[in-house]
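Trainee: I would like to learn how to read pockets and helix packing in a model. Please take me through one example of each.

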Amino acid sequence: MTWISGVAGGLLLAVMGASVLRTLVVPRGLYSVLVYRLWWVLRRLLRLLAIRGGYGAIDRAQTWLAPLILVGMLGTWLGGALVGFGLLLHAVSGLTWGSSFREAGSSLLTLGFASGDRLRLSALDFVAAATGPVLIALQIAYLPTLYAAYNRRELEVTLLQSRAGEPAWGPEILARQWLVDTETALPELYRAWERLASDMGESHSTYPVLMAFRSPRPYRHWLVGLVAVMDAAAVQLALTPSSAPPEARLVLRAGFTALRDIARVQRFPFDPDPPPDAALRLTYVEFEAAVAMLEAAGFRAERGVADAWPHFHGWRVNYEAIAYEMCRRYDAVPALWTGPRAFASAPIPPRRPADRRPGENRPGQLGPPGGSGP
């Protein structure tokens, strides 16, 4: 039993150390069993708190998901270290089970209240005393990296609100630019989101807990914003191929590359090179209605709807399946063109503020004159 205890303790410490390195130290998107098991369990427990509510209740409950994952990570690592060192101390020192775990906890947390009651001295006490502070220090150093990436992401998501509404929707981005004659600002928007998509592809695959951090406002979400910008670029390329800015192609490429990088780390299957005519869940009727809305807002298409649809289809097939699955897994706001959710919901269209200039009734106005929207 003594040697079995020692082997089990050593294996447990090795697994715990590998988990810490994979999650906090190695700068590459590696699959962490601990993070995803915590996400799976905590997400379902929080869903029970909002089982009778709609999206608002889901959003309020899931706000706690990321902080609980972080606390759960630290607690699991410290608990694993306590058990591992307790088993090793029992194997090498001859202490009873109770005394072994009592001394392991005393050393691990550097409390020093238990010592000296063993048959022979062991370096394990010193290793355990170093392990606790190192784990806590690594977790503390982890937080600034997470929140720096979170702030970069949420800045662009917040800036998108005035262009795309809440929740964001691709055709609404185009419609608003033509309604207020700011369509020349679209290349800058695409450039900003191309860079952000690349940033998220790196940061969210390296630190997957970032995907559980929600926006400060319930109807904003980084996934919905990314899909909206990509849809806007795809619609513009499909309808106006000669006048669409080259940045539209670049943001599409950066966007679906980032989504695929994240999907690989999450280990859910996807087609890395789908054929242009692969099935879409978005229908032609939905695309046709969006084009009609755009034309009412003053957008002038170079192609008809029927001619533009295959081109839009060919762009969207690269990212739709991954985006829908990620929106479902992370309980994103149920925006238009983002697929179903794991909870009962209906797609929420963005509200558009009414045009408040006197004496004009701009096309595409929603709401009564003089009204306001988000």
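Trainee: Which helices each supply at least two residues of the lining of the second largest pocket?

Mentor: First, the ground rules. This is a predicted model, where local features need pLDDT of at least 70 and side-chain atom pairs count only at pLDDT 80 or more, while totals for chains, interfaces and linings use all residues. Residues are numbered from 1 along each chain as its sequence is written, and side-chain values use heavy atoms, leaving out hydrogens and water.

Mentor: Rolling a probe the size of a water molecule over the atoms shows where empty space is left. Here, the helices are α1 (2-25), α2 (33-49) and α4 (65-93). The largest share, seven residues, comes from α1. In total 14 residues line the second largest pocket, and V15, M16, S19, L34 and W77 lie nearest its centre. Its volume is about 210 Å³.

Trainee: How is the packing of two helices described?

Mentor: By the angle between their axes and the distance between the axes. Helix α10 (residues 247-266) and helix α13 (residues 320-329) pack at an angle of about 55 degrees, their axes 10 Å apart. The two are therefore oblique to each other (angles under 35 degrees count as roughly parallel, over 145 as roughly antiparallel, 65 to 115 as roughly perpendicular and the rest as oblique).

Trainee: Which residues make the contact of α10 and α13?

Mentor: L259, R260, I262, A263 and Q266 of α10 meet I322, A323, M326 and R329 of α13; contact means heavy atoms within 4.5 Å.

Technical notes:
Axes are lines fitted to C-alpha atoms, for helices over the stretch in contact, and angles run from 0 to 180 degrees between N-to-C directions. Helices (H or I, at least four residues) and strands (E, at least two) are DSSP runs, numbered from the N terminus. On a 1 Å grid over the protein atoms alone, a cavity is a set of points where a 1.4 Å probe fits but cannot get out, and a pocket is an open set with protein on both sides within 12 Å along at least five of seven lines; lining residues have an atom within 4 Å of a point. Grid points are joined across faces, edges and corners, and a volume is the space filled by probe spheres set on the points.
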